Amino acid sequence: MSRGEIDEAWIEEAVRRYRRIEALQAEFDRAVATVEVTVRSPDGLVEVVVTAGGRITDVRFLAPLHQRNPRDVAGSVQAAVTAAADAAQWAREKLHNETFAAYRPLAGA
């Protein structure tokens, strides 16, 4: 093929790959919105459910609060929310790695 000619096969392959990546991105976006991770505070008082996108969908207290110090309860909530943010990040990375496994950068690139 001489300079200036269009390689139709290359263009078709590029379009096919682009469409596949778009489909994978849509799949990833759906998974990030729906996959949930549950974490607990270190003391087991608070449980938080979070999506891979970082949206907290539920908070539960797993023991009575009436005789607990408010600062201790606040600390448990903070610890659980922090753990939830870390879990969401982990879940996003795991989903991304699974979804885009075939589209890794070339070695040395």
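Biologist: Which pattern does the protein chain follow, read along the sequence?

Modeller: This is a predicted model, so local features need pLDDT of at least 70, side-chain atom pairs count only at pLDDT 80 or more, and totals for chains, interfaces and linings use all residues. Residues are numbered from 1 along each chain as its sequence is written, and side-chain values use heavy atoms, with hydrogens and water left out. The protein chain has two helices and three strands, taken as DSSP runs numbered from the N terminus (helices: H or I, at least four residues; strands: E, at least two). Along the sequence the pattern is α-β-β-β-α.

Biologist: Is the protein chain a compact globule or more spread out than one, and what is its radius of gyration?

Modeller: The globule rule is 2.2 Å times the number of residues to the power 0.38, and the radius is taken over C-alpha atoms. For 109 residues the rule gives 13 Å; the protein chain is well over that, so it is more spread out than a compact globule. The C-alpha atoms fill a box of roughly 80 × 30 × 20 Å along the principal axes. The radius of gyration is 22 Å.

Biologist: What share of the 109 residues is buried?

Modeller: Buried means under 20% relative accessible area, exposed over 50%, and partly exposed in between (1.4 Å probe, protein chains only). The protein chain exposes about 7900 Å², by the Shrake-Rupley method with a 1.4 Å probe. Carbon and sulfur atoms supply 54% of that area. The buried share of the residues is 23%.

Biologist: Which residue in the turn between β2 and β3 has a positive phi?

Modeller: β2 and β3 form a hairpin. Four residues lie between the two strands. The phi in question is about 95°, and the residue is G54.

Biologist: And which turn residue has a positive phi in the hairpin of β1 and β2?

Modeller: β1 and β2 also pair in the antiparallel sense, over five bridges. The bridge partners in β2 are T51 for E36 and E47 for R40. Five residues separate the strands, and the turn residue with a phi of about 75° is G44.

Biologist: How many residues of β2 are buried?

Modeller: Both faces of β2 are covered. On one side V46, V48 and V50 are buried, and on the other E47, V49 and T51. β2 is largely enclosed by the rest of the structure, because the buried count is six of the six residues.

Biologist: What relative accessible area does T51 have?

Modeller: T51 lies in strand β2. Leaving out residues up to four places away in sequence, T51 touches V32, A33, V35, E36, T57 and A88; contact means heavy atoms within 4.5 Å. T51 is buried, with a relative accessible area of 2%.

Biologist: Is S76 buried or exposed?

Modeller: S76 sits in helix α2. Beyond residues up to four places away in sequence, S76 touches S41, D43, L45 and V46. With a relative accessible area of 4%, S76 is buried.

Biologist: How far apart are R30 and G53, C-alpha to C-alpha?

Modeller: R30 belongs to helix α1 (residues 8–34). R30 is exposed, at a relative accessible area of 52%. R30 and G53 are 23 residues apart in sequence, and in space the C-alpha separation is 9.8 Å.

Biologist: What distance separates the C-alpha atoms of A102 and E8?

Modeller: A102 is in the segment after α2 (70–99). A102 counts as exposed, at 68% relative accessibility. A102 and E8 are 94 residues apart along the chain, and their C-alpha atoms are separated by 24 Å.

Technical notes: Pairing = 2+ DSSP bridges.
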